[in-house]
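The following exercises ask the reader to work from a sequence and its three-dimensional model. Each task is followed by a solution in steps.

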Amino acid sequence: MSLDVSPDLLAAAERGEVADQEFAACVRASLPYAWHMISGLATRLHVEGGPFVDNTVPPNTQEERGQLLRALASDSIRGCLERYFGVRLAFQNCHRVAVFPAADGQPGMESGAYRRFVSPRAQLLNQSPELRDC
């Protein structure tokens, strides 16, 4: 199970759409490692600027790795994180998460730096034997 969903939030979802703020709170509580990493990267990007900011440090535990994978593998969770932090997320390997500025404040607008980061070439160049089974 990816998220710890409260009975109230589940009931709200059964009645209809759930607000992003409510979903974001559920993600934050359920996947604290992933939330903290992406929050920190988004803050660095907004403070430092530049084409992108990324994480290159592997998670300390399998639980942390699992949280990161669940957050980035789910379109709805990933989209919520992008909207909440106003960034575009990209992911390589089991831990290399990058945040890119959202063009004109719209997550999903793809910069040249983003396209290069998600290219097959970048994926191949970012491989190493120790990451083969991470």
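**Exercise 1.** Is C80 buried or exposed, and what is its relative accessible area?

*Solution.* Before starting, note that this is a predicted model, in which local features need pLDDT of at least 70 and side-chain atom pairs count only at pLDDT 80 or more, while totals for chains, interfaces and linings use all residues. Residues are numbered from 1 along each chain as its sequence is written, and side-chain values use heavy atoms, with hydrogens and water left out.

Step 1. Recall the cut-offs: buried means under 20% relative accessible area, exposed over 50%, and partly exposed in between (1.4 Å probe, protein chains only).

Step 2. C80 has a relative accessible area of 1%, so C80 is buried.

Step 3. Locate the residue: C80 belongs to helix α5. Helices (H or I, at least four residues) and strands (E, at least two) are DSSP runs, numbered from the N terminus.

Step 4. List the surroundings. When neighbours within four places in sequence are left aside, C80 is in contact (heavy atoms within 4.5 Å) with D20, F23 and A24. The C-alpha atoms of C80 and V27 are separated by 8.7 Å, although these residues are 53 residues apart along the chain.

**Exercise 2.** Describe the overall make-up of the protein chain.

*Solution.* Step 1. Count the elements: the protein chain has seven helices and three strands.

Step 1. Read them along the sequence; the pattern is α-α-α-β-α-α-β-β-α-α.

Step 2. Consider burial and contacts. Of the 134 residues in the protein chain, 42% are buried. Among contacts between residues at least 6 apart in sequence, 63% join residues at least 24 apart.

**Exercise 3.** Classify the packing of α4 and α5.

*Solution.* Step 1. Two packed helices are described by the angle between their axes and the distance between the axes. For α4 and α5 the angle is about 85°, and the axes are 5 Å apart.

Step 1. Apply the classes: angles under 35 degrees count as roughly parallel, over 145 as roughly antiparallel, 65 to 115 as roughly perpendicular and the rest as oblique. The helices α4 and α5 are therefore roughly perpendicular to each other.

Step 2. Name the residues that meet: R70, A71, L72 and A73 in α4 with D75, I77, R78 and L81 in α5. By class, this contact of α4 with α5 has five nonpolar, no polar and three charged residues. Here Ala, Val, Leu, Ile, Met, Phe, Trp, Tyr, Cys and Pro count as nonpolar, Asp, Glu, Lys and Arg as charged, and the others, Gly among them, as polar.

**Exercise 4.** Which side chain does the side chain of R96 meet in a polar contact?

*Solution.* Step 1. A polar contact is a pair of N or O atoms within 3.5 Å; within protein, one must be able to donate a hydrogen and the other to accept it, and residues adjacent in sequence count only if both atoms are side-chain atoms.

Step 1. R96 is found in strand β3 and is buried, with a relative accessible area of 17%.

Step 2. The side chain of R96 makes a polar contact with the side chain of D54 (2.7 Å).

Terms used: Axes fitted to C-alpha atoms, helices over the stretch in contact; angles between N-to-C directions.
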